[in-house]
Amino acid sequence: MNIAKIKYTTAHRKAFRRVERQLLGYNTVRSLFHDLDKVILCAILPKKAYNWIADFHRNNSRHHRKATTRNDYIQVIIDWECARITKPDKPLNAKQTLDAYYPELTDVITPLLEELKLV
């Protein structure tokens, strides 16, 4: 069990719901399950499995590498925007994250950033 990563991810989940409510005016059902797989896996697997857990999560989550719909991309934006609140190693906002790490998504993400008033 990895208590530190559970606390880290739980704080991120709370921030995600807070930012989602600020940007959308409500919380989605998806926000209730955001990163929950990481919390559960950290609770049942040994600490040394965290890299596998993180890879599994990134490879299987719609707000990471599986985004295809408008709602998926909104979840991506919220995830990027709230990461800086609880993750000292991720200080960028959503626009800065797009520009620095995902320029290939500019055409898809920029209109949503504008709609959410993040640019």
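Select Glu81 and Arg84 to begin: both residues lie in helix H5, three residues apart, about one turn of the helix. Helices here are DSSP runs of H or I with at least four residues, strands are runs of E with at least two, and both are numbered from the N terminus. The model is predicted, so local features need pLDDT of at least 70 and side-chain atom pairs count only at pLDDT 80 or more, while totals for chains, interfaces and linings use all residues. Residues are numbered from 1 along each chain as its sequence is written, and side-chain values use heavy atoms, with hydrogens and water left out.

Stay with this pair. Glu81 forms a salt bridge with Arg84, and their closest N and O atoms are 2.6 Å apart. A salt bridge is a side-chain nitrogen of Lys or Arg within 4 Å of a carboxyl oxygen of Asp or Glu. Side chains of opposite charge can pair when their charged atoms come close.

Is Glu81 buried or exposed? Glu81 counts as buried, at 10% relative accessibility. Arg84 is partly exposed, with a relative accessible area of 41%. Buried means under 20% relative accessible area, exposed means over 50%, and partly exposed is in between (1.4 Å probe, protein chains only).

Next, select Asp55 and Arg58. Both lie in helix H4, three residues apart, about one turn of the helix. Asp55 forms a salt bridge with Arg58, with 2.5 Å between the closest N and O atoms. Asp55 is partly exposed at 37% relative accessible area, and Arg58 is partly exposed at 31%.

Move on to Ser61, in the loop between helix H4 (50-60) and helix H5 (70-86). Ser61 is buried, with a relative accessible area of 8%. Which backbone oxygen lies 2.7 Å from a polar atom of the side chain of Ser61? Select His57: the oxygen belongs to the backbone of this residue. Then show Asp37 and Lys66, with which Ser61 is in contact when its neighbours within four places in sequence are left aside. Contact means heavy atoms within 4.5 Å.

The last stop is helix H6 (residues 94-101), where Lys95 and Asp99 lie four residues apart, about one turn of the helix. Lys95 forms a salt bridge with Asp99, and the closest N and O atoms are 2.9 Å apart. Lys95 counts as partly exposed at 28% relative accessibility, and Asp99 counts as partly exposed at 43%.

How many salt bridges does a search of the whole structure find? The search finds six.

Technical notes:
Polar contact = N/O pair within 3.5 Å; in protein donor to acceptor, adjacent residues only side chain to side chain.
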